[in-house]
Amino acid sequence: MTTQLSSPVTGNPGHGDAFTDHMVSLSWNAVDGWHDRRVGPLEPLPLHPATIGLHYAQVIFEGLKAHRGPDGSVSVFRPDRNALRFQSSARRLAMPELPVEDFLSAVDDLVLIDGAGLPDDPSISLYLRPLMFATDPNLMLRPSDEYRFLLMAFVAGGFFGDQELTPVSVLVSREHSRAVLGGTGDVKCAANYGPSFVAQNLARQAGCQQVVWLDAAEHRWVEEMGGMNLFFVRRTASGTEVVTPGLTGTLLPGVTRESLLVLADRLGHTVREERISVDQWREECAAGLITEVFACGTAAVVTPVGTVKDRDGDWVVGDGTAGPVTRELRQALVDTQRGVLPDPGGWRRVVVPASGS
Ligand SMILES: *Cc1c(COP(=O)(O)O)cnc(C)c1O
């Protein structure tokens, strides 16, 4: 299904299939570097069956969003962070780095063409998906000599459907690991995601919506939830602590995570990066210390975690509903993205200026 955003968007478009009509494309080879830049229709790719990316997973991607603010402007949230992370993913996969300016100008072009009809509705955004893959039709076990960059977009509603603030249930995965030290857990490469689906299916079979990943070495330390970073809210005598696991090399450094750490501090909370074990999570919930847990990412924004299922017993976080700090941080993030709140960090890249300016 393709959706032209110039027609008004109504209802919840869901996540991942309401593609817009255009894509930006660039090619790379050693002689010409990045070349053959095109902005054209979103269309199927003719691929040789031996395309290296399909066989050896030399494939990386990104995810970022454009939002329309109440002043009519359309802006992209921190695309410079995604451009740099895309470069770090490329280095890890022995792929050529796309210059930040090329990444940003591709984003600008697609948002100008396909984001013009984005409604001023905080629940609807334009999700941008940059992709780079190896294109050599050659099955030698070596990095490709040629690559393709594509930028496509889809209209996004709430990742978890309409009830964004309805808490999700999670299963702690004791069997599978998402990432290992020295591996690729800290970059966004396609090869990280296929192997995670089986754990996601097991979570669903256990009646949960999402899987929680533990560290691969000790199977003890909480790392992430699905494709999202996790935060814990702890009530102490001196105030509220907003805690997230530190970037050990096996966590994906989320732009949402990084932004929430800044926003939480700005809102007067104590912000900490600290590792938390599953046992500690359970015990601190029982003791009323950890009162809220939420996951965050570009797609899901901020999503509360309500119940946890684990080999060693199940528990409820707080009273099982979205807590006040979760709501406050979610609102601060959405309001920052839409330009409702001041933007001291210059996080909004305005692509379509405010109406009347
Ligand atoms: C993309 C991703 C995130 C979230 O990153 P954002 O930049 O906030 O969207 C978290 N964890 C994993 C595993 C991811 O792939």
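1. How do the residues of the lining of the second largest cavity divide into nonpolar, polar and charged? They divide into two nonpolar, two polar and three charged, where Ala, Val, Leu, Ile, Met, Phe, Trp, Tyr, Cys and Pro count as nonpolar, Asp, Glu, Lys and Arg as charged, and the others, Gly among them, as polar. The lining itself is made of R178, K188, Y193, E224, G226, G227 and L252, and the volume of this cavity is about 40 Å³.

2. A word on the basis of these values: this is a predicted model, in which local features need pLDDT of at least 70 and side-chain atom pairs count only at pLDDT 80 or more, while totals for chains, interfaces and linings use all residues. Residues are numbered from 1 along each chain as its sequence is written, and side-chain values use heavy atoms, with hydrogens and water left out.

3. Searching the whole structure gives two cavities of 30 Å³ or more. A cavity here is a set of points, on a 1 Å grid over the protein atoms alone, where a 1.4 Å probe fits but cannot get out, and lining residues have an atom within 4 Å of a point; grid points are joined across faces, edges and corners, and a volume is the space filled by probe spheres set on the points.

4. The largest cavity holds about 80 Å³ of space, and its lining consists of L64, K65, H67, F77, N82, V255, T256, T298 and Q337. Two elements, strand 4 (64-68) and helix 5 (255-266), each give two or more residues to this lining, with strand 4 giving the most, three residues; helices (H or I, at least four residues) and strands (E, at least two) are DSSP runs numbered from the N terminus. By class, the lining of the largest cavity has three nonpolar, five polar and one charged.

5. The chain is divided into domain 1 (22-161) and domain 2 (168-338), with bounds from an automatic or database domain assignment, and each of these domains supplies at least three residues to the lining of the largest cavity. Their centres, taken over C-alpha atoms, are separated by 27 Å, and the contact (heavy atoms within 4.5 Å) takes 28 residues from domain 1 and 29 residues from domain 2.

6. Salt bridges, each a side-chain nitrogen of Lys or Arg within 4 Å of a carboxyl oxygen of Asp or Glu, number 24 in the whole structure, and three are found across the interface of domain 1 and domain 2.

Definitions and conventions
On a 1 Å grid over the protein atoms alone, a cavity is a set of points where a 1.4 Å probe fits but cannot get out, and a pocket is an open set with protein on both sides within 12 Å along at least five of seven lines; lining residues have an atom within 4 Å of a point.
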